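Hi,

Here is the structure I promised to pass on. Have a look at it first, and then read on for what I found.

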Amino acid sequence: EFAALLDWYKRWKKTLDTSNPPFWRWFVGGEINACYNCVDRHLPTRKNKTAIHFVPEPEDEAIQHVTYQELYIRVNEFAAVLRDFCGLKAGDRVTLHMPMVAELPITMLACARLGVIHSQVFSGFSGKACADRISDSESHVLVTMDAYYRAGTLLDHKEKADIAVTEAAKDGHRVDKVLIWQRYPGKYSSPTPLVGGRDFIVNDLLKKYRSHRVEPARLPAEAPLFLMYT
């Protein structure tokens, strides 16, 4: 009954396959997309409703209200960046080292739209901790942010990306692209310089993908959505 509340491209043939314990398979034969269910299907009736409230730190900054229609546009545009600029496809992995900002769920949903498996690393974790997750997941793209606020201080977050890439290289794993969201669009807030040919400002890349639309990938019911290292 709960599965029927979701929108499916193809209905499952069997609810639970227990033939190969302990590897249970749920909703066998079904095809679905998490991003479509979170965003697209709400547009006919809720496109002007707020999907995301972002209350920023510092508290005197304006609260962002992202409608479903705006979320749909932004997710599609970033999905186009991941697909066309980074060459990512279903089954590839991307590591996210991002703070609690509206761009985080936008990035996660863009990955889900493509069937790309994201690994979100807590922003407070070190560059080395991020590197361990990059290497293990074999992701070649890191998505991060230049800076973010913590306890009233604007912290340099980009420096951790440099450490993560360097440490991953010691494991024999190469990161091809580092995509950097700007905490303040149009302004680079980190004292750590960009690395040419590797680091790219997302807010600049998006200009080339305005109004792009990406069809959600039809994925098996048990296709991995994300990796969570604990």
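Before the rest, some ground rules. This is a predicted model, so local features need pLDDT of at least 70 and side-chain atom pairs count only at pLDDT 80 or more, while totals for chains, interfaces and linings use all residues. Residues are numbered from 1 along each chain as its sequence is written, and side-chain values use heavy atoms, with hydrogens and water left out.

Back to D17. With 13% relative accessibility, D17 counts as buried (buried means under 20% relative accessible area, exposed over 50%, partly exposed in between, with a 1.4 Å probe and protein chains only). Its side chain makes a polar contact of 2.7 Å with that of S19. By polar contact I mean a pair of N or O atoms within 3.5 Å; within protein, one must be able to donate a hydrogen and the other to accept it, and residues adjacent in sequence count only if both atoms are side-chain atoms. Setting aside neighbours within four places in sequence, D17 is in contact (heavy atoms within 4.5 Å) with F23, W24, R25 and V28.

Now the sheet. It is an open one of 6 strands with parallel pairing, in the order β12-β11-β8-β6-β7-β14; two strands pair if DSSP finds at least two bridges between them. β12 and β14 (226–227) are at the edges with a single partner strand each, so one side of each has no neighbour in the sheet. Helix α6 (residues 158–170) packs on the sheet, where α6 touches β6 (93–97), β8, β11 and β12, and its direction makes about 160 degrees with that of β8. Axes are lines fitted to C-alpha atoms, for helices over the stretch in contact, and angles run from 0 to 180 degrees between N-to-C directions. Helix α3 (residues 68–85) lies across β8, β11 and β12, at about 165 degrees to β11.

β11 (residues 177–181) deserves a look of its own: 4 of its 5 residues are buried. On one pairing, β8 (residues 141–145) runs parallel to β11 and is joined to it by 5 bridges. V141 stands opposite K177, and T144 has I180 as its bridge partner. β11 also pairs in the parallel sense with β12 (residues 199–201), over 3 bridges, and there L179 is partnered by F200.

What about the interior? The largest nonpolar core has 40 residues, and L71, F78, L82, V94, V143, L179 and W181 touch the most other members. A nonpolar core here is a set of buried Ala, Val, Leu, Ile, Met, Phe, Trp, Tyr and Cys residues joined through side-chain atoms within 4.5 Å. α3 gives the most to this core, with 9 residues. Another core, of 13 residues, lies apart from it and has C130, L142, A161 and V175 among its members.

C130 also belongs to helix α5 (127–137), where 8 of the 11 residues are buried, so α5 is largely enclosed by the rest of the structure. The cover over its buried residues includes β6, β7 (117–120), β8, α6 and β14. Just after α5, E138 takes a positive phi of about 60 degrees.

In β6, take T95. T95 counts as buried, at 0% relative accessibility, and its side chain makes a polar contact of 2.6 Å with that of S139. Beyond its neighbours within four places in sequence, the contacts of T95 include C130, R133, I134 and S137.

Last, the cysteines. How many disulfides does the count come to? It comes to 0 disulfides, taking a disulfide as a pair of cysteine sulfur atoms within 2.5 Å. C86 is in none, and the nearest cysteine sulfur, that of C111, is 9.6 Å away. C86 counts as buried at 15% relative accessibility. The sulfur of C130 is 14 Å from the closest cysteine sulfur, in C111, which is too far for a bond; C130 is buried too, at 0% relative accessibility.

Cheers

Notes: Helix = DSSP H or I, 4+ residues; strand = E, 2+ residues; numbered from the N terminus.
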